[in-house]
Amino acid sequence: ANEDVSALDVLRFALKEICARWHIEHVTIGLSGGIDSAFNLMLYRSIFDSDRLLAVNMPSAYNSGSTKQIARELAQALDVPYLTILIQASAEYTRQQLDEVLAAHHTGKSVSDFVFENIQARDRSARVLAALSAIHRGVFTCNANKTEMTVGYGTMYGDISGFLCAIGDLWKHEVYAMAEELNRREYQEHALPPAALSLPPSAELSPAQNPEQGQGDPLYYPYHD
């Protein structure tokens, strides 16, 4: 084995080979401002020209100013086209429509807060990212990591959708380590905002997941890793 070849080198090589063999011409990346999506954007930017990428931030009412700023700064540093598409109104409309139909049929059911979290995740992927990738005749990524996938912390047709889960075999601590390594080696430490490494990991799907208040995912990553 070549001791000079790191796991990051292998990951980048495999990603480049897969995209070439599958004739991937354009990749859309949901960029939340969290470390997983940030690392994915950095990975794809290291193998693609910027005009073959699109970063999309899709905030609801629960996304913090800090993560939105991280996403914007990272896209700018990597010179990647960047869009902000709000999802609060569409997610609320889905909840309202379902509640009205369920009430009209006297089912005794309604959209719970937990279900509304899943609605937000699906709205981002199944509606926004799928449409944008089709418009660009390309694909969109799955940004999930191994820790989340192992314990089932994800939404079907939501954040675990996408053409490829490039970091799906990395534990959370490995994502942080590789993101720092790639930022240092490829971008001279000028791409990844420091706050991406210090804020608590959070899906930001409810008021109880505000990273600016030290709240985040219902996982203790050192234990679950």
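A crossing of two helices is right-handed if the near helix is turned clockwise from the far one by less than a right angle. Keep that in mind for this predicted model, where the crossing of H4 and H5 is right-handed.

Let's stay with that pair for a moment. Helix H4 covers residues 88–104 and helix H5 covers residues 113–135; they pack at about 125°, and their axes lie 10 Å apart. On the H4 side, the contact uses Gln88, Ser90, Ala91, Glu92, Thr94, Arg95 and Leu98. H5 brings Asp113, Phe116, Ile119, Gln120, Asp123 and Arg127 to the contact. Sorted by class, that makes four nonpolar, four polar and five charged residues.

| Helix | Residues |
|---|---|
| H2 | residues 35–47 |
| H4 | residues 88–104 |
| H5 | residues 113–135 |

Now for H2. Its 13 residues should span 18 Å at 1.5 Å a residue, and the end C-alpha atoms sit 19 Å apart, so the two agree. Is H2 mostly covered or mostly open? Mostly covered: twelve of the 13 residues are buried. Among them are Ile35, Phe39, Leu41, Met42, Leu43 and Ile47, along with Asp36, Asn40 and Ser46.

Last stop is Glu174, which is found in helix H7 (residues 172–185). Glu174 has a relative accessible area of 27%, so it counts as partly exposed. Glu174 and Pro207 are 33 residues apart in sequence, and their C-alpha atoms are 28 Å apart in space.

Key:
Residues are numbered from 1 along each chain as its sequence is written. This is a predicted model: local features need pLDDT of at least 70, side-chain atom pairs count only at pLDDT 80 or more; totals for chains, interfaces and linings use all residues. Side-chain values use heavy atoms; hydrogens and water are left out. Axes are lines fitted to C-alpha atoms, for helices over the stretch in contact, and angles run from 0 to 180 degrees between N-to-C directions. Helices (H or I, at least four residues) and strands (E, at least two) are DSSP runs, numbered from the N terminus. Contact means heavy atoms within 4.5 Å. Ala, Val, Leu, Ile, Met, Phe, Trp, Tyr, Cys and Pro count as nonpolar, Asp, Glu, Lys and Arg as charged, and the others, Gly among them, as polar. The expected span of a helix is 1.5 Å times one less than its number of residues. Buried means under 20% relative accessible area, exposed over 50%, partly exposed in between (1.4 Å probe, protein chains only).
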